[in-house]
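Please read the following briefing alongside the sequence and the coordinates.

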Amino acid sequence: MENETTFEIQEKDGLLVHQGVIRVPYTWAAGEVASRFYAGLREKKVLGLRCPACKVVLVPPKKVCHRCFSDLTDWVEVGDEGVLQTFTVVHYSEPDLHPVEAPFAYGIIKLDGADTGMTHLIGEADIKGLKAGMRLKAVFRHQPQGNYLDIAYFKPIEEANHG
Amino acid sequence: MGTRTAIVGVGQTYHTSKRKDVNGQELINEAVRRALEDADLTLKDIDAIVIGNMDHFEAINCVDCWSVDGSGAFMKPIMKVTTGGSTGGTLGSCAYYHVASGLFDVVMAIGWEKNSESDTQAAISTCADPILERDFFGGAIGPNAAEYAMYMKQYGASEEDAAMVAVRDHNNALNNPYAHLRKHITVEDVMNSPVLCWPIKLLDSCPRSDGACAVIYAAEGRAEKIASRPAWVHASAVSHDYVYFGDYDWEAMPTLEATASRVYKRAGIVNPLKEIDVMELYLPFSTCGVIWMEHMWVCGRGESPRLIREGVFDMDGELPVNPSGGVLSTNPIGATALIRIGEAALQIMNKAGSRQVPNVNTAMATAFGSCYWFEATILRSGKP
Amino acid sequence: MDKVAIIGVGQTRYERGNTKSFAELVYEVTRKALDDAGLELDNIDNVVTTTNDFYDGRTIACMAVAEASGSYGRDATNVEGDGTLSAFYGLMRTLSGVYDATIVTTHCKMSEGNPRKLFNQAFDPIYDRILGMDAISSSALQARAYMDRYGVTEEQCAMVSVKNHANARNNPYAHVALEITIDDVMKSPMLAEPIKRLDISPISDGACAIILATEERARKSAKKPVWVRGVAHCTDAYRLGERDLTYSAALETAAKKAYKMAGIRNPFKQIDVAEVYDAFSYMELMWYEGLGFCDRGKGGKLVESGKTQMGGELPVNPSGGVLSAHPVQVAGLARIAEAVLQLRGEAGGRQVPGAKTALAHGITGICGQTHCVWVLSNEEA
């Protein structure tokens with residue numbers, strides 16, 4: 001069992017400041033819905049749940065529609081391409097948190113066939129040229145692990161035809 | 001004077017050691033749906049929600065915000081309250097004050113925990129003061145064990161007296177389909193179970209469970225329409241005392257005595273043994289089921305073992321305690337004390353199934369947590 | 001709603017690296033609020049504390065501050081979330097008829113933790129937590145969505161920063177008081193586009209307490225009572241991708257409910273001063289809209305008009321707001337305390353002359369998922 005350890009004491013003007021770290025191991029059951037979503041990603045399929053009452057497709061899926069409180073069971077496959085709703089380019093670095101080195105971009109992407117946005121990383125992109133409304137495509141991780149980064153990131157789609 | 005308030009619906013999950021099939025939001029949702037079903041209400045009828053758990057047991061910050069997908073709080077008022085093990089009691093009183101304030105008509109309290117998802121003892125040990133006590137604090141069992149050792153010496157009580165409490169609660173749980181541990185045990189089984197911290201043995205102690213509970217409170221005018229026999233809240237009280245663990249008077253139990261005195265006074269109770277028909281008590285160890293009855297003024301100092309031996313607190317006794325099986329059989333921490341309130345309400349509402357005590361008009365529920373933080377609620381079939 | 005008044009307030013100076021313990025910080029504001037109200041602890045029968053086990057680095061963190069809030073021998077409870085919610089719970093307990101006087105306390109020593117990591121724990125552990133977002137990067141997504149939708153400019157956001165940091169110079173409790181220009185904000189280092197260093201609130205330590213009392217108790221108090229005229233809270237969807245990030249429906253719902261209770265039909269005209277939760281400069285503009293101070297998308301224009309400056313029609317954040325001091329879970333209660341000072345005419349150099357009706361606002365969660373709105377007045381209903 002690893003938990004708190006006091007490892008350093010700072011002193012300033014006779015006042016002590018103790019340091020410590022709380023380390024507690026966690027597991028989180030994903031549940032049937034998220035487990036099925038991740039099973040889909042293994043096959044490079046993005047799955048959502050449709051709410052028949054609200055007529056929306058929720059991606060990533062969840063068991064209960066927050067709007068009408070229905071149990072959702074109507075699985076649909078949505079596209080792996082979609083539209084960038086909003087984004088930010090992060091310039092500061094937080095190595096323990098960020099999965100990639102700064103500068104990098106986060107975006108919210110509404111996939112074709114989905115009515116809700118997925119928050120994710122944007123990669124293989126000219127981060128100075130990002131614009132809301134541009135189309136992005138999911139890039140799947142080579143060896144899926146069953147977590148959110150089984151989509152490694154979304155990359156801009158070259159749209160030569162549209163200049 | 002505030003708005004008269006009653007409990008009109010109770011829902012809980014089937015508590016167990018590990019719910020791998022659902023995430024936290026889904027677990028909460030099960031309890032919420034059962035409570036709504038019990039009260040024959042829909043989410044639209046709920047004006048506000050309060051939720052609670054222990055942060056370091058699941059590592060989800062802003063649980064109130066995260067819970068929306070399970071609790072149904074989308075575009076509703078929700079707030080989080082938490083006080084450690086007593087969280088469920090804190091939740092019940094929070095929902096009660098929401099209604100009693102006159103600002104909300106129907107309010108749902110939700111307590112939940114997935115203890116299986118962290119190292120509970122590692123997390124709980126960080127409740128000790130980081131500068132003075134954290135390095136050596138070893139959890140709640142030590143002080144309780146020492147307390148009972150002293151009690152035995154002073155009043156001639158035995159380990160078997162505590163074991164009888166464990167047997168009562170565990171065997172009552174056989175009547176409760178929602179209970180986590182449902183196994184018939186004997187005093188011998190308790191005595192033969194491994195010693196955790198003498199004189200407390202494994203079967204004297206509470207388990208860790210995954211589970212959730214939701215309780216719906218409603219204002220006078222609505223409550224009578226929702227439930228045929230609402231459980232009216234007559235009083236709620238809380239008391240605690242903490243600076244450092246070493247400061248607490250383990251023998252005199254001042255906070256339990258203060259809570260009990262205050263809640264009885266507010267509800268007009270003079271003789272709890274005679275006036276209360278059933279109790280759902282937060283007893284983390286069977287030894288507490290011996291000693292704490294005295295600090296709650298149910299009987300005089302040193303008399304509790306005799307009443308236990310006479311069966312006064314058994315299902316067919318004068319004052320049945322923990323018909324549900326109590327905390328010794330089920331302990332999803334953030335929900336545990338709310339389950340006490342829910343079970344007490346079910347007894348008043350005459351909906352407790354095979355654990356029903358006949359003719360319950362007054363019920364009491366307690367919560368215990370932090371460093372001797374006690375909460376208590378008195379429910380009655382009649383309006384305050 | 002029966003009449004309830006705020007009869008005492010206390011704040012610490014907000015700063016980074018305060019060396020008091022949690023209990024000492026909370027004791028300081030408890031003492032100040034009692035002194036302010038001219039009360040002794042014997043007059044208090046109910047205590048609401050505010051803690052968060054992540055920010056406090058301690059399980060059951062309420063254990064550390066309850067007694068410093070005066071809980072010994074009286075009923076006590078604990079809220080986790082912004083101080084506006086603790087105050088709301090204090091109000092409900094006061095309205096229940098069980099208690100006469102309630103003290104609400106909240107504290108923060110965020111300088112002792114890692115706020116980015118702690119805030120990341122608010123994201124969904126089975127989905128997007130692994131992306132490593134924190135308050136700055138998630139708010140940047142909201143800022144971009146809002147600004148893109150309505151053509152709000154970075155300069156307009158910068159005006160909020162200039163205004164509030166300047167206002168802070170009149171507030172002895174403020175943490176960061178600056179004399180800066182729009183250009184300074186625009187040239188400050190980019191953190192997460194479009195949010196720059198001077199668009200964000202600081203990491204502040206500090207504490208705040210208020211005392212709520214029944215009408216009867218309030219009439220006996222030392223200070224002129226400030227009456228609670230309306231209060232409401234509301235929560236939006238959890239996931240960012242499921243919300244309209246360009247407009248806060250939860251804020252609108254909470255504000256409308258609070259206004260209805262307070263009899264306010266035209267908030268911009270009827271409210272004399274507002275203290276809102278501007279954790280980031282863009283937020284103040286979005287909150288103008290949700291609070292009905294202007295139409296949707298017009299927040300940028302409103303700040304540009306100067307009407308929310310000191311001396312304007314509706315000064316917003318005379319204290320310097322959250323941009324000038326951001327003790328998490330304290331900041332909303334500090335907004336209430338500042339509103340009370342305004343309504344008593346005790347706000348010193350930041351006083352809005354003749355203020356009769358004030359608004360205070362708090363948020364909890366990612367990108368302001370939960371909003372709580374208070375309407376206070378020195379005039380009785």
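Domain bounds, as used here, come from an automatic or database domain assignment. The model is predicted, so that local features need pLDDT of at least 70 and side-chain atom pairs count only at pLDDT 80 or more, while totals for chains, interfaces and linings use all residues. Residues are numbered from 1 along each chain as its sequence is written, and chains are lettered from A and ligands numbered from 1 in the order in which they are written.

**Domains of chain B**

- The assignment divides chain B into domain 1 (5-122 + 209-232) and domain 2 (127-132 + 134-206 + 236-379), and the C-alpha centres of these two domains of chain B lie 23 Å apart.
- Domain 1 of chain B brings 39 residues to the contact and domain 2 of chain B brings 34 residues, where two residues are in contact if their C-beta atoms, placed from the backbone, lie within 7 Å.
- On the domain 1 side, β1 (5-12), α5, β4, β7 (210-219) and β8 of chain B give two or more residues, and α5(B) gives the most, with eight residues; helices (H or I, at least four residues) and strands (E, at least two) are DSSP runs, numbered from the N terminus.
- By class, that side of domain 1 of chain B has 15 nonpolar, 21 polar and three charged residues, with Ala, Val, Leu, Ile, Met, Phe, Trp, Tyr, Cys and Pro counted as nonpolar, Asp, Glu, Lys and Arg as charged, and the others, Gly among them, as polar.

**Contact between chains B and C**

- In this interface, 50 residues of chain B are in contact with 51 residues of chain C.
- The chain B side draws at least two residues from each of several elements, including α2 (55-58), β3 (78-81), α5 (87-100) and β8 (231-239), and α5(B) again gives the most, here with six residues.
- This side of chain B has 28 nonpolar, 15 polar and seven charged residues.
- β3(B) and strand β3 (residues 75-80) of chain C run antiparallel and are joined by two bridges, one pair of bridge partners being Lys80(B) and Glu80(C); strands are said to pair if DSSP finds at least two bridges between them.

- Of the 16 residues of α1(B), 14 are buried, a residue being buried if 20 or more other C-beta atoms lie within 10 Å of its own, exposed if 12 or fewer, and partly exposed in between, with C-beta atoms placed from the backbone.
- Just after α1(B), Asp40(B) takes a positive phi of about 55 degrees.
- Strand β2 (residues 48-52) of chain B is largely enclosed by the rest of the structure, because five of its five residues are buried.
- Ala48(B), Val50(B) and Gly52(B) point one way from β2(B), whereas Ile49(B) and Ile51(B) point the other way.
- β2(B) runs parallel to strand β4 (residues 106-114) of chain B over five bridges, and Gly52(B) has Gly111(B) as its bridge partner there.
- β2(B) also pairs with β3(B) in the parallel sense over three bridges, and Val50(B) has Met79(B) as its bridge partner in β3(B).

**Chain C**

- Chain C has 13 helices and eleven strands, and buried residues make up 71% of its 381 residues.
- The C-alpha trace of chain C spans about 55 × 45 × 35 Å along its principal axes.
- Gly97(C) is found in the loop between α3 (83-95) and β4 (101-109) of chain C, and counts as partly exposed because it has 15 C-beta neighbours inside 10 Å.
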